[in-house]
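Here are my notes on the model you asked me to look over.

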2 protein chains.
Amino acid sequence: MAEEGVDGRRRKDCACVCPLTIAKRGSANDETVPTSSTSSHTSDVCGTNLGRTIMAARRLLVDIHTHVYLPRYANVLRARRTVPRIVERTNANGSREERLVIFENEPISGRPVGPQYWDLNEKLKFMNNHGIDVSFISSANPWLDFLAPNDAHSLANELNADLDSACRTAPKVADNSSLQRFYAFGLLPLCDDIAPDLLLESVQQIASLSNLKGIIMGSRGIGRGLDDERLEPVWAALAEAHLVVFLHPHYGVGSTAFGEKDNGHVLPLALGFPFETTTAITRLILAGVLDRHPSLRILLAHSGGVLPQLSSRLASCIDHDPVVAGRLQHDARYYMGRLFYDAVAYGPEELGFVSDIISRADTYASSADVGARVGAADRSLGSKQILFGTDHPFFPPLQATDKWRSVVDNLEAIAGVQGWSEDDKEGVRSGNALRIFSLIT
Amino acid sequence: MAEEGVDGRRRKDCACVCPLTIAKRGSANDETVPTSSTSSHTSDVCGTNLGRTIMAARRLLVDIHTHVYLPRYANVLRARRTVPRIVERTNANGSREERLVIFENEPISGRPVGPQYWDLNEKLKFMNNHGIDVSFISSANPWLDFLAPNDAHSLANELNADLDSACRTAPKVADNSSLQRFYAFGLLPLCDDIAPDLLLESVQQIASLSNLKGIIMGSRGIGRGLDDERLEPVWAALAEAHLVVFLHPHYGVGSTAFGEKDNGHVLPLALGFPFETTTAITRLILAGVLDRHPSLRILLAHSGGVLPQLSSRLASCIDHDPVVAGRLQHDARYYMGRLFYDAVAYGPEELGFVSDIISRADTYASSADVGARVGAADRSLGSKQILFGTDHPFFPPLQATDKWRSVVDNLEAIAGVQGWSEDDKEGVRSGNALRIFSLIT
Ligand SMILES: [Zn+2]
Ligand SMILES: [Zn+2]
């Protein structure tokens, strides 16, 4: 069952259905993955070269939510004496392990980290094992706000250069040599009260690095959240440079309400993270950022948190507050269609629902014919703004296994969405990302 | 457009389609509503008496989420010198008005309150104007946790008796005289560290009052949330007494993340309230309460907050934490089917999605055949656990109008759910409530 989604997809969609696919792909797990050759697992899926056609692109699997701690960044964390930091300790088996501790009051003193966080060979093994052709890597939280502004700015510049170089020197996708295995989201030195000019310098740097296709960003901004007027020139510069903003949680929201029971990381991860993303994007919408920057593209982690389920409630609350309503050009539900969403939702009903919310968005434009609204939603429409992701290397399996349940769940969710055509599903798996990041024309 | 949902429904479903319906129902707005006669607007919808049949029951409209501050409670709030309190002040028009201030740091010093909060004649006018036959009234937040335990206990007893009496003396539904216009959710004296015996006494009182069909409850419990072991006997007593727990937010969650911008009440209401409900019910599930009390019935305000959209993510986070997973009998998604949800979601896509999440729940029971899961969801199934509500008298229209937009939106949402039959929709409007609260056999 666990592997049906992953392999079922390949078997079904492959032009040359070959029963060897599963075994061959499984064996990639044990291979040493070359880091500087152009060979890739994709060429051995079926032994055919599909060429650089749209058809080939549609058969790829592209992961837009996958994290790294670059070696340079890990070293910064190791050198620290306060959180966030990486500490080394002896684990229950008597061997040494490194753990990342992000917050002082974290349960079970952080989480184990290892090569899968900083070695892109490990990332490639994971990708090959799960049939992932291309990964858009992003630095995992925390980012740079624990540093002084100038230090953050220098480190961001170095990490962005590292990321670009890592993407360039890694393998290409063999049967589609215009594509690389890696692209990346860069980092802005978002620290409290940093001079916006330094942020703009970093935007320009990222725009100049051809393998960086956007930035990853938390919800804190430069200390006052994403509805801070001081960020206006940053939004303008990001839109101008066609960089996608990958909005990702870090601090969580609601932890004071999580109580005294030991539920491990369940509540902060399952609830606090999506609450944070939802709060951040809502504040950004209420501040009129999407109205003022119509070409700004924002990709929301974890399928938009819970904003989809709250979007009509939000619209109703705004409608009942003329001050807030007067600031916005459209009904709140309209803005749902202005956003992109990863497919990290773990269930087909959840993904289908997000698709509905995107699909209906234009019927809530202030210029739309309200009478045309009911029943206007075509779930296919929304699929164009949803992109496969894994959240690797988080949510590792508890036991050694070929496939990560967290990845399989997300692939099964895509495969299981009712009302999505096979084309829609292929779009979510690869085509949308390639289009949005301008990797196909 | 605004009235299409309400009146369109009546026109469509009414056995004798009459063009006078709209005008007649509109005029109810200007009538003095009798408080002790048995006449009701329902009889003049089409001038026919539908009788006490199931068909009649299915044509009713039942509101299970509608609030009051009983006169006795309003007087308690008026006598207070600290929040929560009702204050009187001169408003912008030079006239005196009362305002309810719940929190010290509330934006725009609270909200105006008036007769619609404490005069059930006003409630009846609202009901008649919107075609609502039966209301399950509940005390609006805040409840009693600002009082000393013994005071809370006495006041709860008095308010419960008031509620029961108000329901008994109010009109009956004329064409279905076994039904009253009002039923109610009672109050437990939930204060920090109150002796559980006092809570159990109140449960017994409520169980003995025939018009009280459940209780309304916040998320604080007796100071440590709903996963507090000290509440175990209370859950057991509520289940034993067949009382429904209406779980409703009050404190909100996440307000420290709402930033400095003046967004009125939008963020606490649109996000903070559903975050609170979601956190509370998640903690309750993680504590095993639903496993230990299989007959406990919980009704979630605002369509379950955002738990539906997070249920697969929650399941995944639990799966990756063996300690938490080991405490639960089922996958987290199973418990979504153990709950009831109001239909206060303001959009058809949102409601349809909640229905999906309920529908699929049983396929996640630990005993279920996992292979049967994909595509198993029949959206109709879930509709049986969703119940119409208005959240009156909150979200009043900004201008004088016949119909409240907030109510119309929720009726249009029900009417617009794709995949629900007319029977499903009638169930959400009335049949489910009558069944769940044992008002039809
Ligand atoms: Zn992530
Ligand atoms: Zn309410």
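The points below start with the basis of the values, then take the interface and the salt bridges.

1. This is a predicted model, in which local features need pLDDT of at least 70 and side-chain atom pairs count only at pLDDT 80 or more, while totals for chains, interfaces and linings use all residues. Residues are numbered from 1 along each chain as its sequence is written, chains are lettered from A in the order in which they are written, and side-chain values use heavy atoms, with hydrogens and water left out.

2. The interface joins 70 residues of chain A to 70 residues of chain B, contact meaning heavy atoms within 4.5 Å. About 5,900 Å² is buried between the two chains, 62% of it on carbon and sulfur atoms; buried area is the accessible area (1.4 Å probe) that two parts lose on being put together, summed over both. Of the area that chain A buries against chain B, 13% comes from Gln309(A), Arg313(A) and His320(A), more than from any other three residues.

3. Between chain A and chain B, 25 residue pairs are in polar contact, both residues being at pLDDT 80 or more. A polar contact is a pair of N or O atoms within 3.5 Å; within protein, one must be able to donate a hydrogen and the other to accept it, and residues adjacent in sequence count only if both atoms are side-chain atoms.

4. Six salt bridges cross the interface of chain A and chain B, a salt bridge being a side-chain nitrogen of Lys or Arg within 4 Å of a carboxyl oxygen of Asp or Glu. One of them pairs Glu229(A) with Lys261(B), at 3.2 Å from N to O.

5. Over all chains the structure holds 48 salt bridges. Asp192(A) and Arg220(A) form one, their closest N and O atoms being 2.6 Å apart. Asp192(A) is partly exposed at 31% relative accessibility, and Arg220(A) is partly exposed at 33% (buried is under 20% relative accessible area, exposed over 50%, partly exposed in between; 1.4 Å probe, protein chains only).

6. How far apart are the closest N and O atoms of Lys384(A) and Asp424(A)? The distance in this salt bridge is 3.0 Å. Lys384(A) is partly exposed, with a relative accessible area of 34%, whereas Asp424(A) is buried, at 4%.

7. In chain B, Arg89(B) forms a salt bridge with Glu97(B), with the closest N and O atoms 3.5 Å apart. Arg89(B) is partly exposed at 34% relative accessibility; Glu97(B) is buried at 16%.

8. Salt bridges also link Arg72(A), Glu158(A) and Asp162(A) in a network.
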